[in-house]
Amino acid sequence: MPKRQVEPFAWLAFSAGGVMAALFVPMLLFLFGLAFPLGWISAPSHPELLDLLSHPVSRIVLLGVCVLALLHFAHRFRYTLHDGLQLKAMTGVIGAACYGCAVLGSVAAAYLLVIYL
Amino acid sequence: MTGVPARPRGYRQQPSLWWWMHKRSYTLFILRELSSVFVAWFVLFLLLLVYAVAGGAERYQSFLDSAANPVVIGLNAVALAFVCLHVVTWFNLTPQAMPVRVRGRRVPSAVIVGSEYLALAIVSAFVAWLVVG
Amino acid sequence: MTTAHDVVLVGGGGAGLRAAIAVAEMNLDLDVAIVSKVYPMRSHTVSAEGGAAGVVGKDDSLDEHAYDTVSGSDWLADQDAVELFVEEAPRELLRLEHWGCPWSREPDGHIAVRPFGGMKKKRTWFAADKTGFHMLHTLFQTSLKYGTIHRYDEWFVTKLLVDDGRVQGVVAIELSTGRIETITAKAVILATGGCGRVFPFTTNAAIKTGDGMSLAYLAGAPLKDMEFVQYHPTGLPFTGILITEAARAEGGWLLNSEGYRYLQDYDLGRPEPTAVMRSMELGPRDRLSQAFVHEVEKGRAIDTPYGPVVNLDLRHLGKEVIDNKIPFVRELCLKYQNVDPATELVHVRPVVHYMMGGVHTDIDGTTPIDGLYAAGEVGCVSINGANRLGSNSLPELLVFGARAGRAAAGYAASAPGPSRAGLAQADDEHRRIWRDLRGRRRHSAERIADIREEMQHTMEGCAGIYRSGDSLTKAVDSLRELQARLGEATLDDRTATFNTELPALLELSAMLDVAETIVQSALRREESRGAHQRTDHPARDNERFLAHSLASRAADGSCHVTYLPVTITRWPVGERVYGR
Amino acid sequence: MAESITLEVTRYQHDVDDEPWTQEYDIPLRENWVVLDGLNHIKDRLDGTLSYRWSCRMGICGSCGMMVNGEPQLTCAAFLFDYAPGPIRVEPLANFPVVRDLIVDIGDFMEKLPRVSPWIVREEEQPTSEGEYLQTPAELDEYKQYSMCINCMLCYSACPVYGIDPDFVGPAAIALAQRYNLDSRDEGAAERLETLIHPDGLWACTYVGECTTACPKDVDPAGAIQRYKLSAAIETAKSYLLPGRES
Ligand SMILES: Cc1cc2nc3c(=O)[nH]c(=O)nc-3n(C[C@H](O)[C@H](O)[C@H](O)COP(=O)(O)OP(=O)(O)OC[C@H]3O[C@@H](n4cnc5c(N)ncnc54)[C@H](O)[C@@H]3O)c2cc1C
Ligand code: SF4
Ligand code: F3S
Ligand code: FES
């Protein structure tokens, strides 16, 4: 039986996050990042959006996207720093920093989506 | 198997810090990996949006205004480009990493990739419909 | 410097690895070393394509395999050895299956077999058309399991230490450092493969330079049946890359310049649209190669810059069969010849392929020198006689590799260590190599490559598919002259670290020894049998030559040929009949 | 077309040179000639001191890998005509220590290979008298591709991760582990996973994919590694969910 390791889980989360990012991010980023600000499409009104976001399913889905996408980022960026800048000696620090960001982000997301909203 | 006495180590070239510039494919690889930064940026952007919406109509409006700032638009345009790179590379590699079998036969890669794009189209259409329609 | 092992394998090809595993399996207390001039998985067994014969089918029998082998050998094989071989071959092939060899399969999961030249029944196991590759890697990877198998990768053996009729070890050069080392052993197994590089146009890899044959010969062991050199009928011109017999077994045809299946003119049967066993294109290699020479004489071959060729036609098999059964053939043709066998004809010509002869051994790989064993292509048991059947060599490596391994293990368990005289020989050898490396004249006009090329052309011209007393006598003189010139050859490279020129020189020296035994044995055999065809003695002569030749080195350095009767058990000498 | 072509060949002798340098040789440009034929021409006719490895010259022994114009190639399968008019840069395989001229030290791989137990592991071996282990063509197909590896090391020399971190087990060794994992006759997957689940095993690979591009035998080590990661992750997850499970 494989030894208890975290790396496999980090990788699973990375992969799941990759899928989430690929499926959800393009359209959301296009709408909120370009189409609405540039006025190609008129942005939804505040009540409409609040309504949509408050729906429990939206909250859960968005939370999932955020957490997994952050873990995806953490995993990938960690290796990019590690290999790209050859910072093998700093593996621990890099890992802590990347995953630290992801965890902070996830906590923020949970707070915003579950409690604050 | 046990080894024979160690040989004198030969000449070892130190890998260059700029190795990812040496080959087009390496550069593309690094760009692909850097797409993750923009994914993280998107999450931040999204959370700011949620924060704004939760804070009332006014805060929402000021979010929309700052999103229209040319710098932010530029950033988001770049981010979208990187996210697209992520989508293309991710989908292309899926069949290599996860061969799918249906009734003992290997599903051709094109079919797997095709259905991934189909899924992307459906999700995107649904999201657009929810948000805009 | 000296290191000691119980059993030393010279050569890490199919035979060497099988023997090493046999030693390890038999006695885990014995310390085995594989000394090989290339990494084991680079050994030439890797190139074998077609398959390995072993009786499995319900409609097949050991007797039929034995008969095919004996008649294929033109009755020169020792029948006791053949009987043992056909019996053990399937078991050895199964062993390999258990070790993971990816044999091609029937839909129900059983081993698949294909037809092969000179075989009456389908009994050739195959792993697509990379059989040797898969066998070698399976053996190599399996050998990694054993902690008692030590490896000396990229070490070149230069001498066998023999004192008082008993082998004591070897001297070898570690190529990466140039260090010369004495490796003592209680038993030594030679598994150095063949010597196709003695000829200019060969399927054999660069490493097949007959080193082991020369080592044994110089140490006083006789070389058996050296006059029998196999030409494979279908090599790609220029490169000599082999197009496996499997291509014909799957139904390929040989066509002359007129598009005619010319083999029907040479008593090899009648052309049928599909492959018929022991007939036409599935006749034995010696007969097919000889037919080619006659086609050339009749002006029915095709002239190319690389000499006359005929066509191999695979087009009617269709792309699917080709890609399924012989994908490597297509890969090689596309890559090296720029033709697609699925739609085009492939130029082929006979090419030196295999050495039937080798170090004289009995069925346990034992040589006349105590503690010295030989197995694989370097040895001659003999099961191949005057002509080897395709797909008999790979199982031979396994069967006799394993037997030699077990015999050596048994011997080594009780043999004494090296004697003082043996170690003194090693010192002499160190000095000799050193002299060769440093003491040679620099920049003399004599280049290793020139001597090698002349030797190769001498051998092709005088000792090829057809030979004569005159041509062979000429070859004897030329070789003697080349021997003398070798002493003058220059060595540009005097460094120690991975000097590849020094091994090239030692290999050339070995090839000249081997060439001499080939030519001398051929000269003495005044008959035509199997792969040995004398234009001045075109008939088989069972009265005088139903016997193995034994070439030994006399005290004055000359080559001395004697004869040993063939063992006949159940198959009295008959006519070789194919296609009828 | 020109009659000759220039090879720019890396030379290095560790007891003489501080670092590798380049020597130019003009060789005949012939149809059918591969880079290896060019090197042989140099060795035989021009300069006997040049050292390199080769043997089968038919792309199967895996000896002759070198960098040709910066890409890892089997030199016995790299045709001069494809690089005409040249010059052609011939260097030792990247990412390995250079022993001499075009020869690199692959001892690192040879030492890693046995660590992944590249042999059939079974509780007990069935005696040969009971015949073969049955294996359908479909089961053979599962691992066949990964069994085609000729150990030529081109993938190692293409993989930047290996270049940066020589402790990485590397593409071919992992593909070979996977070759046995996927073999229906094998029972050693758990044992191999023990070795490969470490940071220098599977996870160091960031899926650059160059190993697969470089591989002359279509082994697809990148795919093998990714598939392995997935099953490794699932196995680990299972071991948490079903702690008492025998594997
Ligand atoms: C292209 C080709 C295709 C073939 N196809 C088939 C086929 O389909 N079926 C079949 O049955 N047979 C086939 N054969 C024949 C068969 O492959 C060979 O006879 C067989 O592989 C020889 O194996 P071996 O173990 O004796 O030697 P090899 O595999 O040649 O190994 C020789 C070993 O000895 C070592 N060595 C040699 N000299 C020295 C030295 N001086 N010091 C240290 N080490 C040394 C080498 O490093 C190597 O490890 C084919 C042969 C060729 C050339
Ligand atoms: S995986 Fe491909 S490139 Fe790597 S060693 Fe094997 S054959 Fe060569
Ligand atoms: S190039 Fe290297 S990083 Fe992985 S996919 Fe191949 S091993
Ligand atoms: S020489 Fe064997 S692979 Fe190139």
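A polar contact is taken here as a pair of N or O atoms within 3.5 Å; within protein, one atom must be able to donate a hydrogen and the other to accept it, and residues adjacent in sequence count only if both atoms are side-chain atoms. The model is predicted, with local features requiring pLDDT of at least 70 and side-chain atom pairs counted only at pLDDT 80 or more, whereas totals for chains, interfaces and linings use all residues. Residues are numbered from 1 along each chain as its sequence is written, chains are lettered from A and ligands numbered from 1 in the order in which they are written, and side-chain values use heavy atoms, with hydrogens and water left out.

Ligand 1 makes polar contacts with chain C. An oxygen atom of ligand 1 lies 2.9 Å from a polar backbone atom of C:Gly12. A nitrogen atom of the ligand is 2.8 Å from a backbone N or O atom of C:Gly51, and a nitrogen atom is likewise placed 2.8 Å from a side-chain N or O atom of C:Asp211. Of the 1,000 Å² of accessible area that ligand 1 has on its own, the protein covers 99% (Shrake-Rupley method, 1.4 Å probe).

The shell of ligand 1 comprises 38 residues, the closest being C:Ser43, C:His44, C:Thr45, C:Glu377 and C:Leu394; a residue belongs to a shell if one of its heavy atoms lies within 4 Å of the molecule. Two or more shell residues come from each of helix H1 (14-26), strand E3 (32-36), strand E8 (155-163), strand E17 (346-355) and helix H10 (393-412) of chain C. Helices (H or I, at least four residues) and strands (E, at least two) are DSSP runs, numbered from the N terminus. By class, this shell has twelve nonpolar, 20 polar and six charged residues. Ala, Val, Leu, Ile, Met, Phe, Trp, Tyr, Cys and Pro count as nonpolar, Asp, Glu, Lys and Arg as charged, and the others, Gly among them, as polar.

Around ligand 2 are found, among them, D:Cys149, D:Cys152, D:Cys155 and D:Cys215; the shell has eleven nonpolar, one polar and no charged residues. Ligand 3 is surrounded by 13 residues, of which D:Cys159, D:Cys205, D:Thr206, D:Gly209 and D:Cys211 are the closest. Helix H9 (210-214) and helix H10 (221-241) of chain D each give two or more residues to that shell, which has ten nonpolar, two polar and one charged residues.

Among the five pairs of chains in contact (heavy atoms within 4.5 Å), chains C and D share the most contacts. Chains A and C do not touch, and their nearest C-alpha atoms are 21 Å apart.

Backbone geometry was also examined. The peptide bond from C:Val381 to C:Ser382 is cis, with omega near 10°, and C:Ser382 lies in the loop between strand E20 (379-380) and H10 of chain C. In chain D, a cis peptide bond with omega of about -5° joins D:Gly86 and D:Pro87.
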